[in-house]
Protein chains: 2
Amino acid sequence: MKAAVIYGAKDVRIEDIQEPAIKPGYVKVKVAWAGICGSDPHAYHHGMGISMTPHPVSKRQVPLTLGHEFAGTIVEAGEGVADLAPGDRVAIEPLIYADNDYYAKLGKYNLSNTFGFLGLNDDGGFAEYAVVRATQAHKLPDAVSLEEGALVEPTAVTLQAVKSSDLKAGQSVIVFGAGPIGLLTIICAKAAGASDVVAVDISPERLEKAREAGASLTINSAEAKVEDQVFAQFPNGVDVAYEAAGVQATFSSALNVLKKGGQLMVIAAYGQPVTLDVNQLLIGELKVTASLAYRHVFPEVIAMIASGRLNVEPVITKKIELPQLVEDGLELLLRDKSQAKILVEL
Amino acid sequence: MKAAVIYGAKDVRIEDIQEPAIKPGYVKVKVAWAGICGSDPHAYHHGMGISMTPHPVSKRQVPLTLGHEFAGTIVEAGEGVADLAPGDRVAIEPLIYADNDYYAKLGKYNLSNTFGFLGLNDDGGFAEYAVVRATQAHKLPDAVSLEEGALVEPTAVTLQAVKSSDLKAGQSVIVFGAGPIGLLTIICAKAAGASDVVAVDISPERLEKAREAGASLTINSAEAKVEDQVFAQFPNGVDVAYEAAGVQATFSSALNVLKKGGQLMVIAAYGQPVTLDVNQLLIGELKVTASLAYRHVFPEVIAMIASGRLNVEPVITKKIELPQLVEDGLELLLRDKSQAKILVEL
């Protein structure tokens, strides 16, 4: 079968590999759509996150099939699999972890000490077929398309961040970074009852997308000072800041525009440590928190997409086919900052 | 009357000043005991926190009577004061703020943009008499002594920090800094159901006090690596870290010894900004939060002392009289790190 296989930094090859074989407790999925995650270009360009030595859970290392945001149709169910059958359309939850891990046993499997991802630490979804644990396959109702199914994973990241933040209906939020994660955060915050959403980015195209997603105020931080713009409209600041940009400037601005008692929720990885004035936290009783991936939230995301409460389609900016993955996907995302989510059709 | 009056840095004078006059809505208190706060030596040595120009709420500036942790007996109640009468023993809540402030109206008066303290921004408690708003005077039941009454204010700081943290019964905590605030945090965390309390300091005498207060493990961070000691006993780390030391080393150690999903609660002011690895927060879903002073918690502190649930007396290390305040109080606290709470008898 055709698959996008990563061998290391700058080395992703579209090649013919052997179809994976079904196993007890697993399902074989004919992949329909797979999204390119913000981390995929980092894996491609710098080898970030991919297993160059055997991963403790999967025991696998490169070459590995890339891609961890995917949906498709079950073609075969392994021995012992109940509730899933050929023909079922499913979105895949790609986290892998050891079941006997301390945090997994607490139900916090995203905090497992050995957690990893299909598509980085085991074979993923940029392939015609994938064989995954039945517990990783979440059934899609008719109202959810397979394209939307490929968006469940990034939406799970943002719904988790919104749900674990202090946001309550009627409050105001700001989102730094209007890439796919920022846009989906806007959509989830609106669904959670945010009264006003401010979006910050340096790309006019992304800010336009942010308006489509529901932002009522957009700020181009390359052209205007974030603090000035926010305080002009919200004299006491905003309640929750979601930080999906990952640099000192946005980290500091996020703290500066919070109401006292407000919360900065980090969703992005940072390239460098930041400087933090702890007294600013103390005087304002500000909180700096973070949310990592997701746990136990795929069913809710799917139900909210099905009911129309979450309209995730505005984040799609391009659809390509597998042979175009490197040139029109992984390479394009680095140079074209107007792109948000690129979906790959398998 | 005799009072300790601050004129500026290094200039605290014990002198005779005019007795304050009663006003409508105020009560006049014969002060019995007043504690020296950790901030008082900073006010004395560096002028930190004291009003050198008129404070927006009190309209007062130096010279001001120092002291904001005090209790005494009402000798006169102003016009319109209900529920308080001469003879009532009271602990004073020394926060001042503008009633029409945005945060005050939300009930978060400790976050008021113009908040200040009696004893720093208005006349305080190192005096024979103080005249305070009736709303600032909390009645003490018979079971609470006037010495304990002088400890209500710092205990309110720590009960607030413990209550606003994520601590649940059965969890483990670590407290950095075993001065008065650290010791009272240990006492409050135990009262809130903490299973194990680890205390960290560099003074053997303070660590001995920490054991008296309820710590089950003490670490002298001048002699041993905090991380090694904690992980030897708690392989997965601890649930909540209270940071009452205020330096990079303790801030970093606090984050390092937390369980994933754990919380660092800052109670101390910091002399310098810190460096923060945001990815450490992300991978561990760690929270950095802070608690400032107190709101709406004096009645609970008093009730918990009265019922014996909080035994605060172990934090007292010395009792002096007003003429000794500078030499045996403000000066002593800077050079003798075995001291915790010094009470002044008026």
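Predicted model: local features only at pLDDT ≥ 70, side-chain atom pairs only at ≥ 80, totals over all residues.

User: What makes the count of salt bridges across the interface of chain A and chain B, and how many does the rule find?

Analyst: The rule finds two salt bridges across the interface of chain A and chain B. One of the pairs with a salt bridge is B:Glu285 with A:Arg295, whose closest N and O atoms are 3.5 Å apart. The cut-off is a side-chain nitrogen of Lys or Arg within 4 Å of a carboxyl oxygen of Asp or Glu, so the label applies to B:Glu285 and A:Arg295.

User: How many residue pairs are in polar contact between chain A and chain B?

Analyst: There are 19 such residue pairs, with both partners at pLDDT 80 or more. On the side of chain A that touches chain B, the elements giving two or more residues are helix 2 (102-105), strand 15 (258-266), strand 16 (274-276), helix 9 (278-284) and strand 17 (287-290) of chain A. Helix 9 of chain A has the largest share, six residues. Sorted by class, this side of chain A has 20 nonpolar, eleven polar and six charged residues.

User: What area do chain A and chain B bury between them, and which three residues of chain A supply more than any other three?

Analyst: Chain A and chain B bury about 3,200 Å² between them, with 59% of it on carbon and sulfur atoms. A:Lys260, A:Leu282 and A:Glu285 supply 22% of the area that chain A buries against chain B, more than any other three residues. In terms of contact, 37 residues of chain A meet 36 residues of chain B.

User: Why is the relation between chain A and chain B called a two-fold axis?

Analyst: Look at the superposition: a rotation of 180° with 0.0 Å of shift along its axis places chain A on chain B, with an RMSD of 0.0 Å. The same surface serves both copies, as 97% of the contact residues of chain A recur in chain B.

User: What makes strand 16 of chain A and strand 16 of chain B a pair?

Analyst: They are joined in the antiparallel sense over three bridges. At least two bridges are needed, so these strands count as paired. Within this pairing, A:Thr275 stands opposite B:Thr275.

User: Why does the salt bridge of A:Asp88 with A:Lys139 tie together separate parts of chain A?

Analyst: The closest N and O atoms of A:Asp88 and A:Lys139 are 3.8 Å apart, and the cut-off is 4 Å, so the pair qualifies. A:Asp88 lies in the loop between strand 5 (69-77) and strand 6 (89-92) of chain A, while A:Lys139 is in strand 10 (residues 137-139) of chain A, so the pair ties together parts 51 residues apart in sequence. Over all chains, the structure holds 34 salt bridges.

Key:
Residues numbered from 1 in each chain as written. Chains lettered and ligands numbered in written order. Heavy atoms only, no water. Least-squares fit on C-alpha atoms with pLDDT ≥ 70 in both. Contact = heavy atoms within 4.5 Å. Buried area = accessible area lost by both parts, 1.4 Å probe. Polar contact = N/O pair within 3.5 Å; in protein donor to acceptor, adjacent residues only side chain to side chain. Helix = DSSP H or I, 4+ residues; strand = E, 2+ residues; numbered from the N terminus. Nonpolar A, V, L, I, M, F, W, Y, C, P; charged D, E, K, R; others polar.
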